[in-house]
Amino acid sequence: MRTRPLLADVVRAELRKAIMSGEFPVGSKLPNEELLRERFSVSRVTLREAVRGLIEDGMVVRQHGSGTYVTHRPALRNSLDTNFSYTEYLESSGVRAGKQVLSARIVVADEATAQALRIEVESDVVEIRRVRNADSRPAIYSEDYLPASIVDPKADRDAFRDSLYRLLEERGHAVEHGEAILVPVVADRRLARVLDVAVGTPLQFLEQVDVDAQGRPVMRSLEWHVPSMVELRVYRRGPGPSAT
């Protein structure tokens with residue numbers, strides 16, 4: 001059974017939609033707390049948590065004694081401090097999301113994939129190649145590798161058009177956390193063709209290994225992001241007052 005999203009995350013997504021759609025334009029002040037609480041039928045604590053998330057996203061800024069203002073309408077942003085489904089994120093951001101499965105097949109694990117998934121080299125894994133679109137423009141190209149004991153390239157092909165996190169959860173392997181490495185790269189001919197960009201265009205490359213609640217690595221992902229479409233960012237909390 002799929003875990004329901006936290007109420008604060010639902011409110012955060014709805015507020016993001018309102019900003020992305022222009023309901024709350026750049027420079028405008030968000031409605032006061034009571035009006036937003038009435039709109040979403042939530043507690044003050046839940047609403048404040050949702051707004052704090054928008055502040056971390058860089059979409060709004062709080063001015064003491066004045067209110068909370070929309071700073072700008074950003075490109076789609078993937079906050080690396082939180083692991084989530086791109087499918088659900090794109091849909092919540094007010095854009096027309098799409099996904100194309102380029103291929104799904106069984107391959108033998110190379111050394112890097114075997115090490116990431118803690119399996120033997122040349123073990124069977126399922127390779128899934130996909131392109132995610134935002135408003136009909138390619139935004140992310142990904143190659144995902146999962147153990148063949150969990151998914152089937154033919155039987156599950158339709159499910160690959162949806163969230164792989166959702167599929168893993170349905171199979172009893174809900175992702176508990178992921179470890180990622182981010183590297184700047186440039187588009188070669190293959191990536192330029194897939195992402196509809198010029199050869200040499202700067203891209204953000206993300207390699208991630210997702211681990212389930214039992215500590216088993218269940219997916220290795222290689223992702224190439226078009227920075228003009230999706231911005232990868234990290235929210236870093238300050239150290240606070242120096243320890244005495």
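Let me start with a definition: a residue is buried if its relative accessible area is under 20%, exposed if over 50%, and partly exposed in between, using a 1.4 Å probe and protein chains only. By that rule, 44% of the 244 residues of our protein count as buried.

Before we go on, a word on the source: this is a predicted model, where local features need pLDDT of at least 70, side-chain atom pairs count only at pLDDT 80 or more, and totals for chains, interfaces and linings use all residues. Residues are numbered from 1 along each chain as its sequence is written, and side-chain values use heavy atoms, with hydrogens and water left out.

Now the overall picture. The protein has seven helices and 10 strands; these are DSSP runs numbered from the N terminus, with helices being H or I of at least four residues and strands E of at least two. If we take contacts (heavy atoms within 4.5 Å) with a separation of 6 or more, 60% of them join residues 24 or more positions apart.

Let's zoom in on strand E6, residues 137-147. How many of its 11 residues are buried? The count is 10, so to speak a mostly covered strand.

Who are its neighbours? Strands pair if DSSP finds at least two bridges between them. On one hand, E6 pairs with strand E5 (residues 124-134) in the antiparallel sense, over 10 bridges. One of the bridges links Ala 134 with Arg 137 of E6. Two residues lie between the strands of this hairpin, and Asp 135 there has a positive phi near 55°.

On the other hand, E6 also pairs antiparallel with strand E9 (residues 217-225), over six bridges. Here Asp 144 has Ser 221 in E9 as its bridge partner.
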